[in-house]
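User: Walk me through reading this model, please. I would like the general idea each time, then the case at hand.

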Amino acid sequence: MQFQVINSPFNQEQAELLNRLVPTLTEAQKVWLSGYLAASQSNANVETTEVPSGESAPAQPPAQPVSKDVTILYGSQTGNAEGLAEQAGKTLEGRGFNVTVSSMSDFKPKNLKKLENLLIVVSTHGEGDPPDNALSFHEFLHGRRAPKLDGLRFSVLSLGDSSYEFFCQTGIDFDKRLEELGGKRLFKRVDCDVEFDEPAAKWIEGVRSELEGAQSQPTAEKSTTAPTTPQEPEVVYSRKNPFQAEVLENINLNGRGSDKETRHLELSLEGSGLSFEPGDTLGIFPENDPELVDLIIKEMKWDPSEKVTINKEGDVLPLSEALTSHFEITVLTKPLLRNAAEISDNGKLKELVAPGNEERLKDYLHGRDLLDFIRDFGPWKGTAEQFVTLLRKIPPRLYSIASSFAANPDEVHLTIGAVRYEAHGRERKGVCSVQCSERVEPGDTLPVYIQPNKHFNLPENPETPIIMVGPGTGVAPFRSFMQEREEMEIEGKSWMFFGDQHFVTDFLYQTEWQQWLKDGVLTRMDVAFSRDGDEKVYVQNRMQENSKELFAWLEEGAIVYVCGDKTHMARDVHQTLLEIIEKEGNMSQAQAEEYLAEMKQQKRYQRDIY
């Protein structure tokens, strides 16, 4: 576009200046400049507004420039919060903001009082706990050293799972504390359930709008270059568009007579363009047990072929298919029960969800599914269409990847323990684990995507010693570590602690570990099989038995990795590490805790727990 004197309000000199300047501007610079000019015009209009005779003009406060600096801090356990933080950063950068995106563990808390615009994206882990990389920042902010933040504008995006009692608690904590310290909400906190894409997008848009204030940012001028030949867009597989991966192998790793069933799955990624690093996870969108679906439909006297709406876009599926592949039916949540009470005449249900009955409601939710619920509180009013609107979408299941992409190109391996147990008079089955165990065979496909895990990685320096603690299926990422190190011919020291019930039937990948030891890929391995002796022995017992050498490795700069059960194993291993550091380092309890906290800060204590 050329500015000309004859059809513009510019004189010849101005037009020539504009014609030299405009072609050199980036799209972001053009957007910023247009917003600046719009704001200038808006201020001019305010300043020149006429005041009726006899009235005094209201005092206009001087316009405060909106800071273009935005800091986004994330606390993430599985990578979802990190991904959303990066997405928000890219959106704001595209609007001309100067954005810094950082893990909370990498952010220096003393810089908090220097910030003007702060966005928090954080998940809630376990029973209302912050993710590992948010612990120190959460502690600082809630401690006595936290500064006054009167000049701060903030907003919080909180991720959680409404089937847990303390839904989005970490985000709630941050939101409340920032306000207590004097911060002003830039945009209201948004709490996301397992389906977070839509509410997260609304939060990002709301934050963007508030940051830009009343300024209307026009879209960038369209290019006047000649159109190019349309090209087929490249398909990108992701959580929103999973890849249908063919199952190559599905093997039970446990021996005959074992009380466990652990499946080793090998999936093909050929043609997907997907790749991963050791420590990453694979997301699978599972299907519900068809038997459970049939029981629910029969209990409600529904027609399985009836079409029901499955999303806000108005897409429909037959009821049986919708309950199998789209809606969650194995977990109950408080919102589900409270909304369902409105289409029921059952007085006991209304009493259960009434204020003041939180403990009773919590007890009821534990271990029950949708079939229990509809049997306990029927009959139900309304149609199948109305009832399914109460259900949330079935969330993907994440599994630590058990293979190296470098060693096995176009493949991904998983180690999945089948979950089966009795509760409330019925057998219960893990949705994805039992699907993989009972209903998935070679040749079938599973919808999958890669979930990067940047907080559980091999060290950049191959000479750095590593200590791996992974009982049961927690062995999975360490198999990928070993395959990667073997492929890359890494010779740094490595030490594996593995445990399970029985040596003969439950030593997962036994021959592979023995071969790595023989070849020197693995320096040392200590195992604990809890049911083989008179006394139960666990991985933490083996760590205690080797406390002197283990602490020596820590002093050499070793990285400790822990993968597996968060409720018992991870807690016990954490306590054992503290005791070893205290004993072998001749430290007080407080000093040992500080030592381990420093390891976390240096990314020398990494956990992938579930």
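User: How do H19 and H20 cross, and within what distance do their axes come?

Analyst: Two packed helices are described by the angle between their axes and the distance between the axes. Here, in a predicted model, the axes of helix H19 (residues 547–555) and helix H20 (residues 569–584) come within 9 Å. They cross at roughly 90°. That makes H19 roughly perpendicular to H20. The class covers 65 to 115 degrees; under 35 is roughly parallel, over 145 roughly antiparallel, and the rest oblique. Axes are lines fitted to C-alpha atoms, for helices over the stretch in contact, with angles from 0 to 180 degrees between N-to-C directions. Helices (H or I, at least four residues) and strands (E, at least two) are DSSP runs, numbered from the N terminus.

User: Which residues of H19 and H20 meet?

Analyst: Contact means heavy atoms within 4.5 Å. From H19 come Ser 547, Lys 548, Leu 550, Phe 551 and Leu 554. From H20 come Leu 577, Ile 580, Ile 581, Lys 583 and Glu 584. These contact residues divide into 6 nonpolar, 1 polar and 3 charged. Ala, Val, Leu, Ile, Met, Phe, Trp, Tyr, Cys and Pro count as nonpolar, Asp, Glu, Lys and Arg as charged, and the others, Gly among them, as polar.

User: Next, strand S20. Which way do its residues point, and are they buried or exposed?

Analyst: In a regular strand the side chains alternate between the two faces of the sheet. In S20, Ile 559, Tyr 561 and Cys 563 point one way. Val 560, Val 562 and Gly 564 point the other way. With 6 of the 6 residues of S20 (residues 559–564) buried, the strand is largely enclosed by the rest of the structure.

User: Which strands pair with S20?

Analyst: Two strands pair if DSSP finds at least two bridges between them. Strand S17 (residues 466–469) pairs with S20 in the parallel sense over 4 bridges. Strand S21 (residues 605–609) also pairs with S20 in the parallel sense, over 5 bridges. Tyr 561 stands opposite Met 468 and opposite Gln 606 in S21.

User: How many aromatic pairs does a search of the whole structure find?

Analyst: A pair of aromatic rings is described by the distance of the centres and the angle of the planes. The search finds 24. Rings of Phe, Tyr and Trp (its six-membered ring) pair with centres within 6.5 Å; planes under 30 degrees apart are stacked, over 60 edge-to-face, the rest tilted. Phe 276 and Phe 405 have ring centres 5.3 Å apart and planes at 75°, so the pair is edge-to-face. They sit 129 residues apart, linking distant parts of the chain. Phe 276 is buried at 6% relative accessibility, whereas Phe 405 is partly exposed at 21%.

User: Where do Phe 498 and Phe 529 lie?

Analyst: Phe 498 is in strand S18 (residues 494–500) and Phe 529 in strand S19 (residues 524–529). Their ring centres are 6.2 Å apart and the planes stand at 65°, so this pair is edge-to-face. Both are buried.

Key
Residues are numbered from 1 along each chain as its sequence is written. This is a predicted model: local features need pLDDT of at least 70, side-chain atom pairs count only at pLDDT 80 or more; totals for chains, interfaces and linings use all residues. Side-chain values use heavy atoms; hydrogens and water are left out. Buried means under 20% relative accessible area, exposed over 50%, partly exposed in between (1.4 Å probe, protein chains only).
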